[in-house]
Amino acid sequence: DEARFLNLTASDLGLDSRSLNINYGKQGSYELFLNYDELPHFVSNSGTSPFTGIGGSSLTLSPAWVASGNTSGMTALAGPQNKVDLETMRKQLSTGVKFTTDSPWTYRVKFRHDTKEGTRLSGGSFFFNSTQLVEPVDFVTDEVNASIAYAAKKWQASMAYYASTFSNENKSLSWQNPYTALVTGADTGELALPPDNEFQQITLTAGYDLSDRSRISGDIAIGKSEQNEA
């Protein structure tokens, strides 16, 4: 009689791709939700590399490494290599609330926390000599999305605010040059990884029904993106 509801959905809890969703509320009044998801991405579990420190921001070669101008002269490649698993795991937690009333107004707020960890394939070069590298992945993204909407018989309008922040625990990836240096001192290379950044946006949307067969609508948005990493 009170029009309350509870919805609980669990999927693949024993697997790496598990998810859990909970919705609770009162019809025509409010709704709360909580969602959790894990999403693995497996690329390879049989790779090898002469580099040590895989999964970190610094890749080095063993003291026994023999540098050469090409791979045929790198005799250490014939020996044991370090095992490489190329895979990432994304975990996402989101929650929010929606309010509806007898009036035409509706309010929504949603928060999301997203992490992504693991390794992925990358590459670097010294002039004409290229090297496949294992790049560390350790990302965190936080988002907030809030909106207010008005819906009448002839026209509708809404205003929304969105903000996102991204952070990377690894600022760069350095690696020891496996080739014979073409230039004195060219022994270590370095790549910049995705930088910390943030984004904000405000959006206004409106529409009006001119008749049963025609409608006019439009939206305007202003946003700002910033990153100040070196």
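Me: Which residues make up the largest nonpolar core?

Reply: The largest nonpolar core has twelve residues in all: Phe 51, Leu 59, Leu 61, Trp 65, Met 74, Phe 126, Leu 133, Leu 173, Trp 175, Tyr 179, Ala 186 and Leu 193. A nonpolar core here is a set of buried Ala, Val, Leu, Ile, Met, Phe, Trp, Tyr and Cys residues joined through side-chain atoms within 4.5 Å, where buried means under 20% relative accessible area with a 1.4 Å probe and protein chains only. This is a predicted model, in which local features need pLDDT of at least 70 and side-chain atom pairs count only at pLDDT 80 or more, while totals for chains, interfaces and linings use all residues. Residues are numbered from 1 along each chain as its sequence is written, and side-chain values use heavy atoms, with hydrogens and water left out.

Me: What does Leu 173 touch?

Reply: Leaving aside residues up to four places away in sequence, Leu 173 touches Gly 56, Ser 57, Ser 58, Leu 59, Leu 133, Val 134, Glu 135, Pro 136, Gly 189, Glu 190, Leu 191 and Leu 193, a contact being heavy atoms within 4.5 Å.

Me: Now the strands. What is their order in the nine-stranded sheet?

Reply: The open sheet runs 1-2-3-5-6-7-8-11-12 with antiparallel pairing; strands are DSSP runs of E, at least two residues, numbered from the N terminus, and two of them pair if DSSP finds at least two bridges between them. Its edge strands, each pairing on one side only, are strand 1 (4-11) and strand 12 (214-226).

Me: How many bridges join strand 3 to strand 5?

Reply: There are 17 between strand 3 (residues 30-49) and strand 5 (residues 82-100), which run antiparallel, and Leu 32 has Val 97 in strand 5 as its bridge partner. Strand 5 also pairs with strand 6 (residues 105-126) over 13 bridges, with Met 89 opposite Glu 117, and these two strands form a hairpin with four residues between them.

Me: And what about the largest pocket, what is its volume?

Reply: The volume is about 310 Å³, taken as the space filled by probe spheres set on the grid points, which are joined across faces, edges and corners. A pocket is an open set of points on a 1 Å grid over the protein atoms alone where a 1.4 Å probe fits, with protein on both sides within 12 Å along at least five of seven lines, and lining residues have an atom within 4 Å of a point.

Me: Which residues lie nearest its centre?

Reply: Of the 19 lining residues, Thr 48, Ser 49, Pro 50, Thr 131 and Gln 132 lie nearest the centre. The largest share of the lining, five residues, comes from strand 7.

Methods:
Buried < 20%, exposed > 50% of the residue type's maximum accessible area, 1.4 Å probe, protein only.
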